[in-house]
Amino acid sequence: MTTTDTQTQKQTAAPTQWVYFFGDGKADGTGRMRDILGGKGAGIAEMTNAGIPVPPGYTITTGACRQFFEAGGRLLDSIVEEEERALQRLERFLGRRLGDPENPLLVSVRSGSPVSMPGMMDTVLNLGLNDQTVDGLARKSKNPRFAYDSYRRFIQMFSDVVLGVPRSIFEHELTLAKKRARSKDDTGLEAEQLKDLVERFKRIVRREIGADFPQDPREQLARSRDAVFRSWNGERAMHYRRLNGIPETLGTAVTVQAMVFGNLGPNSATGVGFTRDPATGEPRFYGEYLLNAQGEDVVAGIRTPLSIERMELELPEAYAQLREITSRLERHYRDVQDFEFTVEEGRLFMLQTRRGERTGQAALRIAVDMVEEGLLTKREAIERVEPDHLDQVLHPVLDPVERRKHEILAKGLPASPGAASGVIVFTSEEAVRRGHKERVILVRAETSPDDIAGMNSARGILTATGGMTSHAAVVARGMGKCCIVGCTALSIDERARVLKVGGRALKEGSFLSLDGSTGEVLLGDAPTSDSEVVRVLTGKLKPERAPLYQRFELLMKWCDEVRRLRVRANADVPSDARTARYLGAEGIGLCRTEHMFFAEDRIPHVVTMILNAQEARQAKLLIERIKGDLAEAARSEKPRLRKELAAAQGKGGEPIRAFETALKKLLPLQRSDFRGLFLAMEGCPVTIRTLDPPLHEFLPKREQIQRELAALRGARTNDARKKRLLATLTRVEELHEFNPMLGFRGCRLGILHPEITRMQARAIFEAAASVIRSGKRVMPEIMIPLVGDPKELALQRAEVEAVATEVMGRLKVEFPYTIGTMIEVPRAAILAGEIAEHADFFSFGTNDLTQLTFGYSRDDSGRFLPEYVRTGILPQDPFVSIDVKGVGTLVRSATLEGRRKKPGLKVGVCGEHGGDAASIALFEDAGLDYVSCSPFRVPLARLAAARSALKRT
Ligand code: PEP
Ligand code: MG
């Protein structure tokens with residue numbers, strides 16, 4: 001026993017079971033053991049226990065995988081021994097032995113992690129074949145062609161996965177063999193030709209690795225098993241895990257299973273399928289198969305398979321049994337199943353079943369249909385739809401009118417809906433390179449899991465071969481990316497970077513548009529338009545003509561029945577507010593007023609306001625001080641002070657006038673902004689934040705002024721303009737901040753220039769008064785940003801309250817309002833109790849709170865954060881999903897402390913995290929009252945809030 005082994009034994013009371021057998025209607029494991037047996041192993045155990053025909057075998061656990069890596073890439077002796085016992089049991093059970101030349105046992109070695117990672121790890125099939133057993137197999141099957149075909153496949157796969165000899169070398173040799181045999185297909189190769197091919201393959205191996213292809217089946221098995229474990233840390237798998245947030249620590253199980261053959265002749269087949277359509281959710285049996293083929297042919301997308309309905313004609317009995325078993329599996333799991341099967345000489349075997357990946361559209365339909373069919377409760381339906389699915393159904397589609405102007409070049413299989421248009425690229429690397437700045441469509445001959453990075457960068461994916469269940473199509477669907485596969489009209493020359501289709505030759509960089517719902521490929525850059533759901537919500541389509549919308553509405557209704565968190569939207573203009581209302585927002589959680597200042601008709605006034613703010617402030621302070629001195633001065637002093645006062649008023653008059661005039665100009669504009677928002681929100685609460693960003697953001701760029709000045713240099717005329725530009729340049733330079741996200745922002749502005757806060761408060765309250773006068777309801781909430789000390793809030797609150805009293809008195813209208821603060825500075829979170837004394841509500845600005853808690857600038861953290869995530873320093877980008885340990889703790893403690901001082905304090909969040917499902921779970925747990933997010937994320941937030949509420953009950 002090794003040392004590590006002894007340690008393991010000491011730590012665990014009962015000896016750990018590393019290997020789980022299945023066969024003969026019984027399995028050691030169960031369907032609930034995903035974490036230990038992986039999805040595949042657990043599915044097989046469950047099927048076996050349910051009496052479904054599954055080839056027997058055993059699963060080595062994910063724990064063994066972790067041990068494997070801990071021991072530096074070696075399986076512990078005790079696990080190897082346990083495996084040997086399982087293998088012998090399998091041999092006894094089947095009456096066949098691994099390596100027996102007369103009656104050889106052949107096995108497959110497959111990966112299977114607890115979370116589905118389609119095609120990201122390795123598999124070896126037909127293991128156990130060597131120069132002797134191949135003849136035994138030929139005799140037993142009475143089919144030498146099949147035996148040699150299986151052997152050449154095994155050499156190819158084993159060499160690729162275990163020995164590291166590239167698959168393409170063998171593919172090339174296979175192509176040459178087909179040429180020699182004048183055959184287009186592998187099936188055209190005779191036994192003798194395949195036998196010759198095997199010899200050639202073995203020579204390739206000798207040449208490439210300097211050793212013979214291993215003939216000992218037990219060695220083949222041990223090396224394949226280890227290679228499959230190792231593929232957990234392969235580049236593809238790691239990339240996929242990063243993209244999908246799958247923990248590195250899970251590990252993969254390895255399932256060793258007796259081979260059954262779909263390539264034994266015309267009565268054999270292999271296929272994959274779904275119990276419902278994974279793209280649309282339509283309740284129809286859906287799948288693909290190939291006669292006389294092995295599973296890898298279907299999933300690798302090398303041959304375009306046939307639709308499963310044809311199987312009813314070709315293999316009627318196996319088809320009927322497949323329908324019966326898969327329906328049973330769907331009812332058993334109460335979810336859509338994605339299954340793999342093989343028919344060996346008319347006899348059906350199920351190889352795998354798992355939860356079917358689906359598009360957003362399909363997820364909605366399946367969830368709603370299954371409730372209607374009595375398979376699911378509403379609660380379960382909510383749990384079955386992922387927040388990202390909702391995002392997908394709000395995705396744009398090709399504009400129905402504009403698309404008619406674009407020639408349809410070809411039609412493929414609609415693997416994943418949505419629309420995409422962009423320039424075509426032919427390699428994953430190119431997609432990654434160009435995808436940063438352009439919309440790209442990745443065009444590939446075959447779908448392959450190696451394309452994962454490129455697929456991630458592309459807007460859409462288009463392939464020539466491969467079916468709806470090819471791995472890359474499944475991945476695209478999982479990513480919610482528009483994807484068309486099996487578009488056989490494409491002829492791709494990757495080397496010349498040219499795509500020939502519909503009589504045209506398109507070079508890399510040409511525009512194509514994809515309709516992922518119909519499979520149509522259009523020439524040119526077709527514009528996209530709103531999805532069906534959005535069209536109904538905006539009144540452009542009647543709900544009764546929109547089945548997708550109807551399901552969306554129903555699911556949203558179910559969510560609203562169970563969620564506790566309210567959902568608001570971040571919106572600054574009435575049109576966004578209206579969209580937010582359509583999508584179910586119950587108020588505005590953040591109106592960033594600075595966005596209003598950027599409008600063309602305001603920016604000159606904003607610039608004047610900023611350029612004069614400082615001088616006006618100093619002049620006012622000086623005037624106040626002299627006036628104070630004057631009031632208390634001895635008579636002899638007064639003439640001098642009066643002179644000083646006149647001088648100060650003369651000098652300061654201009655900036656004060658300019659500053660105040662600018663504010664006066666802005667007041668009515670802001671008033672109408674706020675009135676528009678109040679009306680759009682029809683009496684729901686509207687949180688308006690006083691001005692926040694650093695002032696220089698509104699000013700012309702330094703370089704631009706310098707360029708203009710350079711152009712004027714030497715010109716006699718335009719002296720006045722030059723002077724003005726110079727003054728502006730000086731001010732711009734004074735205001736310039738190296739790190740704008742930490743500068744003269746938020747309430748700091750309002751403290752130094754209370755006139756700005758007062759102007760905004762006046763505009764808000766006058767708008768509220770006017771809305772009330774017109775007989776409508778209004779609920780303004782004034783929010784003070786970037787507060788770090790209770791005194792800041794107290795001062796700003798006093799300003800706002802004074803304006804409210806003044807406006808009510810002057811206009812003789814009473815209106816409700818509250819004043820609260822953002823909590824976005826860690827000090828504010830720490831002093832939450834004291835701050836709550838001056839606040840009617842808190843709203844966590846988790847963007848700034850994250851920035852300031854970590855000390856990462858929002859502006860440049862993109863330079864290092866991806867590496868932090870990649871290397872596991874951080875579990876994810878904390879600006880996307882809340883940092884549970886740090887920022888999350890501040891949110892919890894500030895909420896508790898705030899409410900301790902002020903019971904019933906309303907608390908929400910309006911940072912980007914308000915639209916992130918994982919963060920919403922934390923906000924639910926922390927007892928927040930609402931989340932606020934961008935309008936299009938509102939449905940997602942409603943669903944995430946409902947799912948979090950359900951988790952707590
Ligand atoms: C925040 O900081 O979370 C926030 C909502 O404010 P902004 O993004 O405007 O700084
Ligand atoms: Mg902020």
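# Reading a predicted model: strands, ligand shell and metal site

Guide: Val109 stands opposite Val124 in strand 5. Please note at the outset that this is a predicted model.

Visitor: To which strand is strand 5 paired, and in what sense?

Guide: Strand 4, residues 107–112, pairs with strand 5 in the antiparallel sense, over 3 bridges.

Visitor: In what order do the strands of the open sheet lie?

Guide: An order is read across the sheet, from one neighbour to the next. Here the open sheet has 6 strands in the order 2-1-3-6-4-5, and the pairing is antiparallel. Strand 2 and strand 5 (123–127) form the edges, each pairing on one side only.

Visitor: How many helices and strands does the whole protein chain have?

Guide: The protein chain comes to 37 helices and 32 strands. Along the principal axes, its C-alpha atoms fill a box of roughly 125 × 70 × 60 Å. The chain has 953 residues, of which 56% count as buried.

Visitor: Which strands pair with strand 30, and do they run parallel or antiparallel?

Guide: Bridges are followed from strand to strand. Strand 29 is joined to strand 30 by 3 bridges, and these two strands run parallel. The bridge partner of Thr821 is Phe842 in strand 30. Strand 30, residues 841–844, is in turn joined by 4 bridges to strand 31, residues 906–909, again in parallel. Across that pairing, Ser843 has Gly908 as its bridge partner, and Phe844 stands opposite Val909. Strand 31 is also joined to strand 32 (residues 930–933) by 2 bridges, and this pair runs parallel. Gly908 stands opposite Tyr930 there.

Visitor: Which residues of strand 30 point one way, and which the other way?

Guide: Phe841 and Ser843 point one way, while Phe842 and Phe844 point the other way. These residues of strand 30 are all buried.

Visitor: How many residues surround ligand 1, and which are the closest?

Guide: The reading of a ligand site begins with its shell. Ligand 1 is surrounded by 13 residues, and the closest are Arg592, Arg689, Gly845, Asn847 and Arg858.

Visitor: Which residues place an N or O atom by an oxygen atom of ligand 1, and do they use backbone or side chain?

Guide: In the side chain of Arg745, an N or O atom is 3.4 Å from an oxygen atom of ligand 1. For Thr846, a backbone N or O atom lies 3.0 Å from a ligand oxygen. For Asn847, a backbone N or O atom lies 2.7 Å from an oxygen of the ligand. Taken alone, ligand 1 exposes 290 Å², and the protein buries 95% of that. Strand 26 (588–592) and helix 33 (846–854) are the elements that give two or more residues to the shell. Helix 33 gives the most, with 3 residues.

Visitor: What coordinates the magnesium ion?

Guide: The magnesium ion, ligand 2, is coordinated by Glu824 through OE and by Asp848 through OD, at 2.0 to 2.2 Å. Glu824 lies in the loop between strand 29 (818–823) and helix 31 (826–830), and Asp848 lies in helix 33, so the pair ties together parts that are 24 residues apart in sequence. Both Glu824 and Asp848 are buried.

Visitor: Is Arg241 buried or exposed, and what does its side chain reach?

Guide: Arg241, found in helix 10 (residues 235–244), is buried because its relative accessible area is 1%, under the 20% limit. The side chain of Arg241 reaches the backbone oxygen of Trp232 at 2.7 Å.

Visitor: Where is Arg182 found, and what is its phi?

Guide: Arg182 is found in the loop between helix 7 (167–180) and helix 8 (191–209). Although Arg182 is not a glycine, its phi is positive, at about 50°. Arg182 is exposed, with a relative accessible area of 78%.

Terms used. Residues numbered from 1 in each chain as written. Chains lettered and ligands numbered in written order. Predicted model: local features only at pLDDT ≥ 70, side-chain atom pairs only at ≥ 80, totals over all residues. Heavy atoms only, no water. Near = heavy atom within 4 Å. Polar contact = N/O pair within 3.5 Å; in protein donor to acceptor, adjacent residues only side chain to side chain. Areas by Shrake-Rupley, 256 points an atom, 1.4 Å probe, with all protein chains shown as cover. Donors = N, O, S within 2.8 Å, 3.2 Å for Na, K, Ca; no water. Buried < 20%, exposed > 50% of the residue type's maximum accessible area, 1.4 Å probe, protein only. Pairing = 2+ DSSP bridges.
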